[in-house]
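Here's a quick briefing to keep beside the viewer. Have a look at the model, then read on.

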Amino acid sequence: MSEALPLTEPAPGLAREARTRGVVGRLLRTPSFLIGITILLFWAVCAVFAPSFVPYDPYADDLLNTLQPPSAEHWFGTDQIGRDVFSRVLVGARAILTIAPLATLVGTVAGTAIGLITGYFGGWVDAIIGRLLEVMLSLPLIIVALLVLVALGPSTPTVVVVVGLVFAPLVARTVRAAVLTERHLDYVAAAAVRGESAPYIMSVEILPNITPPIIVEGTVRLGYAIFTIASLSFLGFGVQPPTPDWGLAIAENYGVLIGGFWWTVVFDTAATASLIVGVNLAAESLQRALAE
Amino acid sequence: MTDPAVPPVLRLDDMSVSYRIRGRAVPVLSQVNLSIAKGEVYGLVGESGSGKSTVALAVQRVLPANGRMSGGRALINGRDVGALDRAALLQMRAREVAMVFQDPGRALNPSITIGRQVAEAFEILGASGHEARRRAEEMLTRVRISSPARVMERYPHQLSGGMQQRVVIAMALAKDPSLLILDEPTTGLDATIEAEILDLVDTLRREFGASILFISHNLGAIAGLCDRVGVLYAGRLVEEGPVRDLFADPRHPYTAGLLRCLPRPGLRKDLAPLDTIPGFPPAPGSIPVGCVFAPRCALADETCRTIDPPLVTTGAGRVSRCHHHDRVGDLPHAVPRAAAGTLAPAGASTGTPVLELTALSKTYGSAPYAVQALRDVSLRLMPGQTLGLVGESGSGKSTLAHALLGLIAPDAGGGMALDGAALAPEVRRRTAEQIKTLQIVFQNPDSALNRSHSVRRLIGRAITRLGGLKGAQREAQVTRLLESVRLTARQLSARPRQLSGGMKQRVAVARAFAGNPRLVVCDEPTSALDVSVQAAILNLLAELQAERQVAYLLISHDLGVVRYLSDWIAVLYLGRLLEVGPAARVLDGPHHPYTEALLSAAPSVSGERTGRIRLTGAIPSGVSPPAGCLFHTRCPRRIGPICDTEEPPFTADAHGHAIRCHLPRAELGRSLAPATA
């Protein structure tokens with residue numbers, strides 16, 4: 001559509017800001033982005049401040065009041081050892097919102113590096129690394145993560161690194177495709193003719209031009225990271241008790257669901273779902289805004 | 001001149017079109033009036049952004065979603081296109097108007113055979129399957145495709161660009177349209193193929209009697225083909241008239257400027273700079289007061305700056321939108337160079353050549369699919385001179401440049417030497433001095449300049465790498481370089497997308513000159529630019545050469561460009577040198593038959609079409625090159641079996657002029673009008 005248009009030339013120096021403002025402006029006019037970012041902000045506030053404003057200590061058990069249904073004192077009821085579910089759900093945002101973004105960061109950085117190298121060098125480097133990545137991609141992510149965690153023992157840093165590395169091939173694939181279209185442009189040849197080194201060309205010349213797809217890939221990965229980490233916690237390989245965590249809470253309490261104590265699980269599930277939906281709404285809008 | 005009872009095939013009545021950009025209506029065409037009579041070929045010229053393609057879209061009502069005809073009417077065969085209902089509009093597009101786009105490769109469906117695609121055009125018109133195929137074959141014959149049955153079995157990618165464009169034209173003609181719109185139909189094609197297509201269009205107009213709207217930035221193509229021409233500037237039709245009159249005696253300063261910008265025979269870098277049109281076209285959406293061309297016009301006075309000139313009749317069938325149309329002939333020319341001939345003259349020079357290639361070859365792939373992109377090329381270039389490298393696509397021009405720059409490794413056995421010292425095939429094995437000495441200006445600045453970097457950074461980095469300067473020294477050098485390419489410090493923080501095409505190419509030139517190179521490879525340095533910008537860049541290159549004694553390896557398919565800048569010319573065909581010599585001798589002759597064909601394929605604005613030598617047949621594939629003389633399959637002067645079996649010798653005469661042809665020199669063609677005055 002814009003092909004037929006003559007290019008306008010804004011005053012020098014203003015275009016980049018104008019473009020950034022354009023993306024932000026478009027985002028702020030997108031309802032799905034606003035909904036997504038509101039959900040995200042809500043959980044982010046909880047992650048940072050919830051311990052100071054929740055009605056009960058999320059760690060305090062109350063063995064006289066176990067498995068109480070939602071009431072005026074306990075809005076979301078209490079769990080098997082009488083802890084306040086409302087407080088634990090809010091504070092539970094902290095664990096997931098620390099681990100998931102860190103894991104995403106690890107995955108995006110590692111994936112970007114791999115994608116740049118394979119895309120730039122091509123040839124046998126690409127062939128060997130590419131086949132290895134395909135092997136990793138062909139295995140179910142959660143199984144790979146589980147195996148590594150079993151081998152290394154579960155701990156927060158291990159979860160971050162393992163989930164990050166499991167995501168790296170996916171990011172690498174996207175980045176490689178973006179690099180392939182860039183490396184045939186003449187500015188790369190011009191840099192080579194100037195005698196620039198390969199790391200310089202990759203990081204200073206090519207990288208700035210492929211940030212939009214990397215940002216999009218990163219936000220999409222964040223949604224998956226939340227899901228994966230919640231699953232790992234559920235399986236007992238993620239966040240360890242007694243830290244309040246949604247996946248862990250579901251694991252601890254799903255056994256009593258049969259007795260009708262639905263509130264021990266439903267709120268944690270809803271929290272996880274809302275966070276993933278929030279991230280995905282934001283990611284999708286961002287992708288569209290950057291594509292324009 | 002038209003019978004009032006028969007409406008013109010196309011008539012635009014004060015047509016205005018605007019695009020909606022960020023909520024604002026930006027006018028692209030304002031009040032364009034033109035009419036095309038039955039059987040007439042009308043040329044529409046303009047530079048990029050002038051709105052010429054928008055005319056083509058608007059008359060078919062296929063503007064992009066944000067485009068709108070904001071005023072006036074477009075009438076096809078007397079019917080208002082804007083007032084047609086959907087059914088009538090589809091009917092009109094299906095039967096009356098046909099369009100041929102610039103890139104035939106993208107106009108054809110890659111996964112459907114040619115026969116199927118052409119037949120489809122007939123099926124839409126109601127022919128049965130068998131009948132459609134028969135008529136498709138007939139139509140392909142009419143566009144001079146020699147074995148249509150075989151071509152119909154093929155897929156688009158198996159055809160050359162010229163053949164693809166013929167197929168597209170065949171499809172357009174299938175409906176026997178009353179109006180055929182050709183939008184830059186030859187822009188992506190080689191000169192010899194372009195000439196073929198233009199000839200074809202010229203023949204077909206007689207056979208079919210269709211009216212043609214021919215949109216192009218190529219003045220030569222328009223001159224040779226059209227009856228009347230309209231010149232579009234910033235969305236306004238500034239001049240219109242019969243093509244010969246108008247090009248011979250332009251009555252609008254813009255038309256005159258465009259014609260003078262072209263590097264024409266007789267003009268050389270050491271005699272005079274090319275005329276240019278100063279300034280830039282107005283930004284779309286700006287509201288001009290007075291004449292839209294006034295800011296760039298040497299004739300502009302107070303009247304021009306306040307009153308928008310009306311279209312005035314300046315002669316038989318001619319109109320111009322200029323207050324001073326009678327004074328256009330007085331427009332000042334560029335001043336001839338003060339010391340003409342101070343540049344190193346062409347000829348057998350002595351001393352160390354800045355570049356020497358000996359028996360350079362490059363083979364891609366391995367047998368039996370090996371493609372020899374370069375065969376045994378030996379060339380030398382003296383300091384401060386320009387070697388023009390001419391050839392069609394696939395001739396190995398770019399391979400040669402890339403090998404020289406260290407981007408690809410040539411085959412073992414050949415040699416490259418820079419200033420007498422051997423040049424390693426890989427950049428990283430070259431000395432810092434060699435890297436500084438040898439730089440490049442690419443064809444397309446959009447690709448060659450990193451779009452994330454500012455001008456300061458683009459040039460500054462090159463200065464750090466090649467000139468070894470840092471900090472304040474570097475900053476000072478950036479400013480100096482910007483000045484030498486006629487840019488100002490205002491552009492320092494701009495990013496490429498904020499600059500016009502010409503400014504971008506200036507930045508690319510500045511970057512190449514950052515380390516005071518002695519040899520700059522110019523790979524089609526102006527082919528992505530408009531003609532007015534091209535002239536300015538060529539002047540810049542000539543001035544930098546005179547100032548700094550830099551040598552150029554100029555790769556171009558445009559003989560005008562090569563003629564203006566070159567001291568020596570080398571002609572490459574399928575990777576083989578067919579002719580090398582001092583520029584004047586190569587251009588004046590005796591020529592190699594291929595050079596002769598290239599020279600006569602270049603369309604000239606005088607519109608003369610006599611004495612053209614036409615090549616027939618496609619450029620052979622590099623996988624199975626012809627035996628004997630590589631050119632014999634297309635050669636109009638083939639003398640006999642010797643051409644098919646034996647490669648001609650390549651010996652130079654006393655002037656260093658070598659021609660690879662079996663014909664004796666006395667029998668080879670010569671230019672009718674010598675290239676050097």
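Going from the N terminus, chain A reads α-α-α-α-α-α-α-α-α-α-α, that is, 11 helices and zero strands. Helices here are DSSP runs (H or I, at least four residues) and strands likewise (E, at least two), numbered from the N terminus. This is a predicted model, where local features need pLDDT of at least 70, side-chain atom pairs count only at pLDDT 80 or more, and totals for chains, interfaces and linings use all residues. Residues are numbered from 1 along each chain as its sequence is written, while chains are lettered from A and ligands numbered from 1 in the order in which they are written.

**Chain A**
- The C-alpha trace of chain A spans about 75 × 45 × 30 Å along its principal axes.
- Helix H5 (residues 141–152) of chain A has 12 residues, so at 1.5 Å a residue it should span 16 Å, and the 17 Å between its end C-alpha atoms agrees. (The expected span is 1.5 Å times one less than the number of residues.)

**Where the chains touch**
- Chain B puts 38 residues into the contact and chain A puts in 24 residues; a contact means C-beta atoms, placed from the backbone, within 7 Å.
- On the chain B side, the elements giving two or more residues are strand E1 (10–21), helix H1 (52–59), strand E18 (438–441), helix H15 (445–448) and helix H16 (455–467).
- By class, that side of chain B has 18 nonpolar, 15 polar and five charged residues (Ala, Val, Leu, Ile, Met, Phe, Trp, Tyr, Cys and Pro are nonpolar, Asp, Glu, Lys and Arg charged, the others, Gly among them, polar).

**A sheet in chain B**
- Four strands make an open sheet in the order E2-E1-E4-E5 (chain B), paired antiparallel; pairing takes at least two DSSP bridges between two strands.
- Strand E2 (24–36) and strand E5 (79–80) of chain B are the edges, each with a single partner strand, so one side of each has no neighbour in the sheet.
- E1(B) and E2(B) run antiparallel and are joined by nine bridges; Ser18(B) has Pro27(B) in E2(B) as its bridge partner.

**A helix pair in chain B**
- Helix H18 (residues 501–512) and helix H19 (residues 531–548) of chain B pack at about 20°, axes 10 Å apart.
- That makes H18(B) roughly parallel to H19(B) (angles under 35 degrees count as such).
- The contact of H18(B) with H19(B) has five nonpolar, three polar and one charged residues.

How values were computed. Contact = placed C-beta atoms within 7 Å. Axes fitted to C-alpha atoms, helices over the stretch in contact; angles between N-to-C directions. Parallel < 35°, antiparallel > 145°, perpendicular 65-115°, else oblique.
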